[in-house]
Amino acid sequence: MLVENYKQVMREISLAAERAGRNPADIKLIAVTKTVGVEEVRHAAEMGITDFGENRVQDAEEKVKTLPALNWHFIGHLQSNKARDVLSHYSLIHSLDRNSLAKALQHWAEKAGKKADVLIQVNVSGEESKFGLEPGKLPGFIKQLAGYNRINVKGLMTMAPFVNDPEEARPCFRKLRELRDDNVQEGLDLSELSMGMTNDYIVAVEEGATMVRIGSALFSW
Ligand SMILES: *Cc1c(COP(=O)(O)O)cnc(C)c1O
């Protein structure tokens, strides 16, 4: 049952936050709805979930258009030719990882008279298969982004390697937090850390996640 899964996830988030001396209210649950349809999203929203994540523009289209009042997060790899569409339907893009995409976001945000709220996706684990900026390129990229007046960088996002024991993901989350701390510059707010999925969100919260992106723990039963 969704309601039981939801309660369980919220309980785990609270316990992990308390273990780390954090306020559970500082952690936002993003329900990743890529495997479910409009009715389940509606049901989740009625239970009090406010934030939803999708990783493919096309698969999500019906959901984001039917339920436009929800806070939608774009968490997947974003092609520049989809930047316009994503800007108009999503409140936060978690996957900015290159200058060409920044350029497209700047362009369309300016046309729409709005700002693009983004997280920079960092490939902390260094796996070939993962998108994201190399950690060493982060300072230069942040400097580059300062030249885009329509882009608001709110923080960093990463995906940990898929491992059986979530403890093995801990160094990856810790590294993202350290990268954040090292790259905070004057006038830049990098407070958001989007990290942790069903397998590893408890460890991610202990390491400072402010947003956890959870699909299966909510939507399978
Ligand atoms: C699917 C997905 C998630 C959620 O994964 P679960 O293991 O089902 O919790 C989180 N982040 C991204 C980027 C995803 O694509």
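Biologist: Which residue in S7 is the bridge partner of glycine 155?
Modeller: In strand S7 the partner of glycine 155 is glutamate 192, where a strand is a DSSP run of E with at least two residues, numbered from the N terminus. This is a predicted model, in which local features need pLDDT of at least 70 and side-chain atom pairs count only at pLDDT 80 or more, while totals for chains, interfaces and linings use all residues. Residues are numbered from 1 along each chain as its sequence is written, and side-chain values use heavy atoms, with hydrogens and water left out.

Biologist: How many bridges join S6 to S7?
Modeller: Three bridges link S6 to S7, which covers residues 192-194, and these two strands run parallel; strands pair if DSSP finds at least two bridges between them.

Biologist: And S5 with S6, parallel or antiparallel?
Modeller: S5, residues 116-121, runs parallel to S6, and six bridges join them. In this pairing, glutamine 121 stands opposite methionine 157 of S6.

Biologist: How many residues of S6 are buried?
Modeller: Five of the seven residues in S6, which spans 151-157, are buried, leaving the strand mostly covered; buried means under 20% relative accessible area, with a 1.4 Å probe and protein chains only.

Biologist: New topic: what lies 2.8 Å from a polar side-chain atom of lysine 34?
Modeller: That is an oxygen atom of the ligand, and an oxygen atom of the ligand is also 2.5 Å from an N or O atom in the side chain of threonine 198.

Definitions and conventions: Buried < 20%, exposed > 50% of the residue type's maximum accessible area, 1.4 Å probe, protein only. Helix = DSSP H or I, 4+ residues; strand = E, 2+ residues; numbered from the N terminus. Polar contact = N/O pair within 3.5 Å; in protein donor to acceptor, adjacent residues only side chain to side chain.
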